[in-house]
Amino acid sequence: KLVLGIETSCDDTAAAVVDETGNVLGEAIHSQTEVHLKTGGIIPPVAQQLHRENIQRIVQEALSVSKVSPSELSAIATTIKPGLALSLGVGLSFSLQLVDKFKKPFIPIHHMEAHALTIRLTNKVEFPFLVLLISGGHCLLALVRGVSDFLLLGKSLDIAPGDMLDKVARRLSLIKHPECSTMSGGKAIEHLAKQGNKLHFDFKPPMQRAKNCDFSFTGLQHIIDKTVMQKEKEEGIEKGQILSSAADIAAAVQHTTACHIAKRTHRAILFCKQKALLSQSNAVLVVSGGVASNLYIRKALEIVANATQCTLLCPPPKLCTDNGIMIA
Ligand code: ATP
Ligand code: FE
């Protein structure tokens, strides 16, 4: 059985063909990141237009590298939510045209559920397991009890960590930094943090006293905005130029973000164990999403996993970000 997966929920036009054993026959992806970096964020009608320009070519490419013709497919799966309505619409209408033309069953896919289940393509993971999804658009902790059985334990009350890192990177004008100009905000922060000293700034992790597993990132973003403004005054530079303390700020924001994410995840693990929702001795913590590619944040989560006798698993970086394989 062969399934075609189509993903257009945000800024990647992606498609893949996967068989019933999880074997990937082929995939294709077109990323809009470079365009959106220039405008300082995603403008939905621009994303929609780019999806329209690429969807046919990407689906065709995924099918041809897989050496599969549409008539050989058993079903067509497509992301239907959550995401940008204009972006989702392009994938959905293209998919429904194929469904109609080739008379194939249609499988509607929840984007976050696909992210949460992706680990099962690369590792043998039994239900239930805990999943932490951290990306530019999402931030959630959930217990995965089955293919369509999820218990949401916590989410961001405002923006996602990737969004916050992107905003901080923009405020620090890292796009003008010779070493970071082609990187996403989060990656630029990770890169620069290696050259900085996190102890030069003391940003407190948010929600330290909150007795739940929710997250918050706007408070941290505002404190950093203020700090950057103050430093610009001190260093006598204009907004838009790179601060000499940019690397220290990057290291401190990465550290505080890692602490916050690790602490909320620790709470979730303790809660699940206490309520016997997760195994005491061999629970699995899966971490995915673009921010999960950050090695410093991953290290913090490894410490949490070790302290709670959990096994930490991350899908390979390529499967952590949006792709057609997870949908298929
Ligand atoms: P969705 O939330 O729907 O998955 P998305 O496009 O934001 O959408 P991803 O492609 O998974 O999701 O992640 C992109 C985000 O990850 C960006 O915000 C980017 O800054 C962040 N990111 C990428 N690499 C790193 C890194 N090394 N460290 C921290 N953040 C990173
Ligand atoms: Fe995603």
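This note goes through a helix, a group of strands and a ligand shell in a predicted model.

1. Helix α8 covers residues 218-235, and its 18 residues reach 25 Å from the first C-alpha to the last, which is close to the 26 Å expected at 1.5 Å a residue. Just after α8, G236 takes a positive phi of about 65 degrees.

2. Which residues of α8 are buried? They are L220, Q221 and I224, and, seen down the axis of α8, the buried residues fall within an arc of 95 degrees, so they line one face of the helix. These buried residues pack against α6 and against α9 (246-274), whereas H222, K226, M229, Q230 and K233, on the other side of α8, are exposed.

3. Strand β6 (residues 129-134) is mostly covered, with six of its six residues buried. In a regular strand the side chains alternate between the two faces of the sheet. In β6, F129, V131 and L133 point one way while L130, L132 and I134 point the other way.

4. A hairpin of four residues leads from β6 to β7, and these two strands run antiparallel, joined by six bridges; in β7, L141 is the bridge partner of L132. With β9 (residues 283-288), β6 pairs in the parallel sense over four bridges, and here L133 stands opposite S288.

5. Around ligand 1 there are 24 residues, of which G136, G137, G162, G186 and G290 come nearest. The shell divides into three nonpolar, 15 polar and six charged residues, and helices α6 (161-171) and α7 (185-193) each supply at least two residues of it.

Note on methods: Residues are numbered from 1 along each chain as its sequence is written. Chains are lettered from A and ligands numbered from 1 in the order in which they are written. This is a predicted model: local features need pLDDT of at least 70, side-chain atom pairs count only at pLDDT 80 or more; totals for chains, interfaces and linings use all residues. A residue is near a molecule or strand if its C-beta atom, placed from the backbone, lies within 6 Å of it. Ala, Val, Leu, Ile, Met, Phe, Trp, Tyr, Cys and Pro count as nonpolar, Asp, Glu, Lys and Arg as charged, and the others, Gly among them, as polar. The expected span of a helix is 1.5 Å times one less than its number of residues. A residue is buried if 20 or more other C-beta atoms lie within 10 Å of its own, exposed if 12 or fewer, and partly exposed in between; C-beta atoms are placed from the backbone. The arc is that of the directions from the helix axis to the C-beta atoms. Two residues are in contact if their C-beta atoms, placed from the backbone, lie within 7 Å. Two strands pair if DSSP finds at least two bridges between them.
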